[in-house]
Amino acid sequence: MTSPAERGLRESATFDRATIAGIQHAAEHGVYDIRGWGAKRAVPHFDDLLFLGASMSRYPLEGYRERCDTDVVLGDRHAQQPLHLATPVTIAGMSFGALSAQAKESLGRGASEVGTSTTTGDGGMTEEERGHSKTLVYQILPSRYGMNPDHLRAADAIEVVLGQGAKPGGGGMLLGQKISERVAEMRTLPAGIDQRSACRHPDWTGPDDLAIKILELREITDWQKPIYVKVGATRTYYDVKLAVAVGADVIVVDGMQGGTAATQEVFIENVGIPTLAAIPQAVQALSELGMHRKVQLIVSGGVRTGADVAKAMALGADAVAIGTGALVALGDNHPRYAAEYEKIGSAAGFYDDFQDGRDPAGITTQDPELAARLDPVEGGRRIANYLRVLTLEAQTIARACGKAHLQHLEPEDLVALTIEASAMARVPLAGTDWIPGRSGF
Ligand SMILES: Cc1cc2nc3c(=O)[nH]c(=O)nc-3n(C[C@H](O)[C@H](O)[C@H](O)COP(=O)(O)O)c2cc1C
């Protein structure tokens, strides 16, 4: 049998096979597609940037003899007890409910081993993650699912979530299959029924109210704990300015490639801006207020490698947060589950259809038998290894650029491969001194 291409058939770029399948699915079932993970479409990203390693005009540092520090302090603007992390790679907020208790414990074990933080998520704090996370950031989300004032004090920092990169302006979903008795009890909602998370906080509508809310949180925690504000990347320049104005110690900016547990596909692919475009806007806003490096910037959305970490930091981030990469490190999308992925209509590497609770890797599930497949000690080892590699890779690049600390990386170390990336990241197109929309040197 000859292939369609051999028979001279040409696939449409507009109506490609995924689009055709989407239309057929909509027509058949009358429901839109919900999936996990972030935007799959190609957008300008860290891959479109390159580092200018040192040669004559700069000299590099020697890997085996010369230091390149990686530590970061987060939240020293107002908090009495800022976080001091050994690596700027942190674990992003992922809800218990979306993730199994074993996955949460694994993340805590791995992050603690390398001296970084983990973050709770929609649905509250579990014993597994508090017990195994040396440094735990507690999220306050619009849904207030699992919100417990005692947990504010049990946490090491607090993150007020205004939005996520995968769905800025929208709320998340947790399908009924994942609402086990335990998840339901924590959220004080019935078991087995789909849950939608709210898209905005119930008790404030704008920055003035949020400033009061943050003051309340500071009083509850006796001004000890850093307060983060997390936004999905859209009007990042203004959002960051407002976050500084309302008193944030740390700002988390999550780009459109950022993962989610479950959201409408149309939302994931069509709302928000790429991580690359958001970072310079955030840094500009902070710099204009004289707050760059005083209010720390954590960037997330598509961070996979140490090169991504180094690029985010060179553009001005103080730290990064990872979600999807950590789940892959735990074993998600592994070819060993190929047969089981096929049974749920998916395939390793495609990331679809795990949000409904049948994840064979035991990570994004509440099914006790599937979840038991993930050994938290082994999971912790894998996370620690992955975090170590990310840090070592970023250090390697920083040394090659002659930097004795990851935070010394700067936009001047970068060039862009495409005009789009150059315009968004505000670094010159490789081999030129040209940044679209800006004058040369
Ligand atoms: C399974 C999963 C669950 C998530 N749950 C939450 C959540 O409860 N609260 C939140 O602020 N973000 C949540 N996120 C988003 C992450 O905090 C983070 O912004 C995103 O994963 C970063 O992008 P990356 O996945 O490309 O690393 C979730 C992401 C995933 C993959």
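This is a predicted model: local features need pLDDT of at least 70, side-chain atom pairs count only at pLDDT 80 or more; totals for chains, interfaces and linings use all residues.
Let's start with the helices. Two packed helices are described by the angle between their axes and the distance between the axes. The table gives both values for each pair.

| Helix pair | Angle between axes | Distance between axes |
|---|---|---|
| H10 (residues 306-314) and H14 (residues 376-400) | about 55° | 7 Å |
| H7 (residues 236-245) and H9 (residues 275-288) | about 40° | 8 Å |

That angle makes H10 oblique to H14, and H10 passes H14 in a right-handed crossing. So who's touching whom here? On the H10 side you'll find Gly-306, Ala-307, Val-309 and Ala-310, while H14 brings Leu-390, Glu-393, Ala-394 and Ile-397. Sorted by class, this contact has 6 nonpolar residues, 1 polar and 1 charged.

Now for the other pair. H7 and H9 are oblique to each other, given their angle, and their crossing is right-handed. From H7, the residues in contact are Thr-236, Tyr-237, Val-240, Lys-241 and Val-244; they meet Ala-278, Gln-281, Ala-282, Gln-284, Ala-285, Leu-286 and Glu-288 of H9. This contact divides into 7 nonpolar, 3 polar and 2 charged residues.

On to the ligand. It has 25 residues around it, and the closest are Gly-93, Asp-254, Gly-302, Gly-323 and Thr-324. Gly-323 also places a polar backbone atom 2.8 Å from an oxygen atom of the ligand. Asp-122 has a backbone N or O atom 2.8 Å from a ligand oxygen. With Lys-230, it's a polar side-chain atom that sits 2.8 Å from an oxygen of the ligand.

Key
Residues are numbered from 1 along each chain as its sequence is written. Side-chain values use heavy atoms; hydrogens and water are left out. Axes are lines fitted to C-alpha atoms, for helices over the stretch in contact, and angles run from 0 to 180 degrees between N-to-C directions. Helices (H or I, at least four residues) and strands (E, at least two) are DSSP runs, numbered from the N terminus. Angles under 35 degrees count as roughly parallel, over 145 as roughly antiparallel, 65 to 115 as roughly perpendicular and the rest as oblique. A crossing is left-handed if the near helix is turned anticlockwise from the far one by less than a right angle, and right-handed if clockwise. Contact means heavy atoms within 4.5 Å. Ala, Val, Leu, Ile, Met, Phe, Trp, Tyr, Cys and Pro count as nonpolar, Asp, Glu, Lys and Arg as charged, and the others, Gly among them, as polar. A residue is near a molecule or strand if one of its heavy atoms lies within 4 Å of it. A polar contact is a pair of N or O atoms within 3.5 Å; within protein, one must be able to donate a hydrogen and the other to accept it, and residues adjacent in sequence count only if both atoms are side-chain atoms.
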